[in-house]
Amino acid sequence: HYMSLRDLATLTMRIYQEFPQYAHYFSMTEFTYGKVTQPNRHPLIRGHYDGVVGGKTGHTNEGGYGVVAMVKRDHRRLIVVVNKAKTPAQRMKTVTSLLDYGFKNYKKLVLFNRNQELAKLPVWLGLKENVGVAPNQQIALNVTAGVSMEDVVVKIKFLNPIKAPIYKGTKVADLIIEVKGYRDFQYPLFAQENIGTVGILEKISRTSKHKFNNFINKYF
C-alpha cells in the first residue's frame with residue numbers, strides 16, 4: 001500500500017503530538033552511530049530556514065525528490081509535504097515557497113483549549129441530570145487571514161439525552177465547526193466525569209413520568 005501526501009502529514013503531526021520525546025531526532029544536524037557520522041540531509045535544516053522543527057527527506061525513481069517539513073513560528077506550526085520534484089533544488093524552492101505563502105496568508109484561529117468544558121448535556125436515568133463535555137485536544141484552525149469569529153458557527157451533535165451510566169473519558173458527542181468558505185470540521189467530545197445509574201425504583205418512576213408526559217403532549 002502507498003502512503004498519500006496527506007498520510008505523511010498526518011503521521012508527522014501525530015509524532016510531534018503523541019511522541020514528543022522522539023521529536024528531537026528529526027532536527028539533529030548529524031548523528032553518529034559507532035564510528036560513522038551521517039549529516040542530516042533535510043534542506044531546511046541545512047539551510048537554517050526560520051523556525052524549522054524537523055522532518056524527513058526521501059527519493060525514489062518513481063516518486064522523485066520529496067520532503068516532509070514542520071516549521072514553527074509564534075506558537076503556530078505548519079506542515080508541508082512535497083513529492084515528485086525533479087531535483088533537490090526544485091524541492092527546496094517548492095517547500096520554502098509553500099511555507100512562506102502559508103505564514104503570510106493564513107493565521108491560526110484558536111477556538112477551544114484541551115479539556116475545556118464546552119457544554120453540559122442532558123443525561124437519562126443518571127445520578128446527575130447533566131454531564132460536562134470537552135475536547136481532548138486544542139481546537140485551532142489554520143484559516144485565511146480574512147476569516148473572523150463572525151464567520152464561525154459551532155454546534156454540538158449528540159444523542160439526546162445521553163443514557164447513563166457514563167464513564168469519564170468516553171466519547172459522548174461531536175463538535176461541528178462550520179467556517180464560511182470552508183468544509184465543516186468535526187472533533188470528538190468526551191465526558192468529564194463518571195455518572196452512575198439511578199436505582200430500579202427511581203428508574204421506574206422517571207420512565208413512567210416520561211411516558212405520561214409524552215401521552216399528555218400527544219393527545220391534549
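User: Which loop does Pro-165 lie in?

Analyst: Pro-165 is in the loop between S11 and S12. Those labels come from DSSP runs numbered from the N terminus, where a helix is H or I over at least four residues and a strand is E over at least two. Bear in mind that this is a predicted model: local features need pLDDT of at least 70, side-chain atom pairs count only at pLDDT 80 or more, and totals for chains, interfaces and linings use all residues. Numbering starts from 1 along each chain as its sequence is written, and side-chain values use heavy atoms, with hydrogens and water left out.

User: Why is the protein described as more spread out than a compact globule?

Analyst: Start with the make-up: four helices and 13 strands. The radius of gyration is 25 Å, well over the 17 Å that the globule rule gives for 220 residues, so the protein is more spread out than a compact globule. The rule is 2.2 Å times the number of residues to the power 0.38, and the radius is taken over C-alpha atoms. Along the principal axes, the C-alpha trace spans about 80 × 45 × 35 Å.

User: Why does Leu-125 count as buried?

Analyst: Buried means under 20% relative accessible area, exposed means over 50%, and partly exposed is in between (1.4 Å probe, protein chains only). Leu-125 has 6%, so buried is the label. Its phi is also positive, near 60°, in a residue other than glycine.

User: What makes strand S8 largely enclosed by the rest of the structure?

Analyst: Four of the five residues in S8 (residues 130–134) are buried, so the strand is largely enclosed.

User: Which strands are joined to S8 by bridges?

Analyst: Two strands pair if DSSP finds at least two bridges between them. Strand S7 (residues 119–124) and S8 share four bridges and run antiparallel, with Pro-122 opposite Asn-130. S8 and strand S13 (residues 185–191) have two bridges, again antiparallel, and Ala-134 stands opposite Phe-190. S7 and S8 also form a hairpin with five residues between them, Leu-125 being in the turn.

User: Why are S10 and S11 said to stand at the edges?

Analyst: The sheet is open, with six strands in the order S10-S12-S13-S8-S7-S11 and mixed pairing. Strand S10 (152–157) and strand S11 (162–163) each have a single partner strand, so one side of each is left without a neighbour in the sheet.

User: How many bridges link S10 and S12?

Analyst: Six, and S10 pairs with strand S12 (residues 171–179) in the antiparallel sense.
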